[in-house]
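Visitor: Hi, could you walk me through this one? I'll ask as I go.

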Amino acid sequence: MDLGLSETQELLKNAAREFLENECPETHVREMEEDDKGYSPVLWQKMAEQGWQGLLIPEEHGGAGFDFLDLCVLLEEFGRALVPGPFMSTVLGGAVPILEAGSDAQKAEFLPKIASGDLIFSLALTEPSARFDEAGIETKADVSGSDVTFTGTKLFVPDANVADYLIVAGKSAAGTTLGIVATDQPGVKVTQLQTIARDKQAEVVLDGAKGQLLGADGQGWNLLKPVIEKYTTAECAYLVGLSQMDFEIAVDYAKERVQFGRPIGSFQAIQHKCADMVTDVDGSRFIMYKAAWSIASGQPEADTSLAVNMAKAWCSEATRRVVAHGQQIHGGIGFTKDYKIQLYFRRQKRAEIAFGDSDYHREAVAAQLGL
Amino acid sequence: MDWSDSPEQAAFRQEVREFIQKELPERYRAGDDGGEGFEGGWQADRKSDDPVRRDTAMQWADALSKKGWIAPAWPKEYGGAGLSTIEQFIYNQEMAEVAAPMPGGMGVSMLGPTVIVHGTEEQKAEHLSKILSGEVAWAQGYSEPGAGSDLASLQTRAVRDGDEYVLNGQKIWTSGGHNADWLFALVRTDPEAPKHRGISFVVMDIKSPGLTLRPLINMGWKHHFNETFFEDVRVPVKNRIGEENRGWYVGMTLLDFERSGIAGAISYKRGIEEIKKFLATDEGKRFKRADWNSVRLEMADRAIETQILFNFAFRIVSIQNRGLVPNYEASVNKMYGAELHQRLSRTNTKAWGLYGNVWDPKSKHAPMKAEHVQDYVGSVPHTIFSGSNEIQRNVIATRGLGLPRG
């Protein structure tokens, strides 16, 4: 029993922090808000050199062979630095589904190129119904041998504007079915949305889009469950890093900002907000890592599933409380576009509602507890 | 990060479980409190008029004593078991899982460590073994009517008269004083010195002439607290622990106890599970509110928050197990645990709708012996005692986050 990081994880964390402080400063985050692609190919390649896109990918497929807990340590740093771009889409929405469901040939075809930074992936799961369950999948899948053709509309697909491939979930006669779909074909039409986080999410209209079957026909939902659990936990890790940084910025500001002749951080009204922030951030961190540990160490499925639901239910709301306090402590300056705290506030909302907000996961917790 | 036991930890856990299986008296196992509640816990049992309660208390204490588990954290040379913090954590976890009453009380948790660190050989010989044998139970005299959060402003005077101090003043919130044999207290020996530097730590027989206890009935109509009055109480100078006027620092002494507060998290978790179990019974269905859905999500939140508290507890013991001293983290636990306790008691009471009125545990209209409504009242002081939640937040902000003091 130990809630500290291992030596390897400490090294990974420190290396990532140093790298991202240099390569992904606030100016880069702001540039990418207004960039069409939303990411820097140069930085993307540098990240691949660090081994990050391939962190989870086994060495035989060109990856680093780390485990899911290690990835969450890295994603905390991504949240802290607000790293723009298709990293989570590619790793959680591409590498993970292929690792879970791919044939040996598919693993050999795609995983090395993901690890080397040559391919960008994304998961095309949600639709205009905006549901996260199997019933939300209405896109039609026509299976023919190892090929599959999709027709339907996917919505809120992250980084579809730059993805080379989409992992698409559709419904065939046999049930939910997954496919790997190249985006450079006439049957795939991507329309970008303008979002609160100024990240890149899109409507993707699939009109006879052709791809290769991923996993068996009709087995898609079973294959997606662990993918969704990992993606959800990854969003929690991102939120932990984001809220940790928001909190640190707010505490620093409270030490420096002087009113009534003293730093506002000397007032208990501010101090108690800061105390609540650190409690929420720490609470988020450990409940996230409990879920990550549960996944990485292969705890029984019922335990893992509950741990993930609990983590997202908590992190979604606790980190929202943190960034709201972060704004309030900053007063008027925090409401300006120029000041950095708002970058965190807007991005928190994206991750808060990704893969279900607190209400969604609380309901799942209640059901699993038999309440 | 690892939420599971190492092989050594698993082996120790097994040892504690087997001990409980073999030694925990039937009465404690059944949770049979005769509708009284374990008010005052083992301490009250020990002095009960009921011989069954008295015998049960001593039987359990004897069994623990053979393992050195009355004071598991004390060094072996003083009759403890010298358990590491992680072993203490496992011990506390397993005892809390079965809600075993813990003998020892303030003697084990506070007076003993203070004597071990600051006491003379004579004082050690006089007090430590009597704590372990259950012969002497201790109560604490710190707070005063005018010294709560600002404890160092305490005014109870101790004036030196030869080989004795003469005490005059008043203490309040003397928990379990009516079941105690001795009292340890902070008293002012130098009224001219800065407030932290004029205090001494003294111990006395609670039956000393001039010392009066008066019950202070709490809002749950329970006798837990007392007021303690000193009128020319004569305390031998040799009953002072540590140097004169250094009592504030003597009173802050901490041994290497695990400070995770795991027992609270376990009891909250068990509480939710017991409600679920009860609701599935025929008796439970009688009380289940028709609009149960209005409570179930709230209860899910409490279950999640209980998990947060578990993790905070695991964090503390992880820090201690690495040989470090928790900083603001301990205040986070106290603050969060106390507020969660109050939220839980509110949610749990809500589960019963109008039956949330019923206070009498023996009433046929009382769901689960009215424990939740009693806890709704009983949890009120949790955010107040041992450093109010406002003080805890101040500590987190200043000591933990380095914000300037106001």
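Visitor: Is Gly283(A) buried or exposed?
Guide: Gly283(A) is buried, with 25 other C-beta atoms within 10 Å. A residue is buried if 20 or more other C-beta atoms, placed from the backbone, lie within 10 Å of its own, exposed if 12 or fewer, and partly exposed in between. Keep in mind that this is a predicted model, where local features need pLDDT of at least 70, side-chain atom pairs count only at pLDDT 80 or more, and totals for chains, interfaces and linings use all residues. Residues are numbered from 1 along each chain as its sequence is written, with chains lettered from A and ligands numbered from 1 in the order in which they are written.

Visitor: Which residues does Gly283(A) touch?
Guide: Leaving out residues up to four places away in sequence, Gly283(A) touches Trp314(A), Ala318(A) and Ile308(B). Contact here puts the C-beta atoms, placed from the backbone, within 7 Å.

Visitor: On to the chains, then. How many residues does each give to the contact?
Guide: Chain A gives 37 residues and chain B gives 35. On the side of chain B that touches chain A, H11(B) has the largest share, 14 residues. Helices are DSSP runs (H or I, at least four residues), as strands are (E, at least two), numbered from the N terminus.

Visitor: At what angle do H11(A) and H11(B) pack?
Guide: About 90°, with their axes 9 Å apart. Axes are lines fitted to C-alpha atoms, for helices over the stretch in contact, and angles run from 0 to 180 degrees between N-to-C directions.

Conventions. Contact = placed C-beta atoms within 7 Å.
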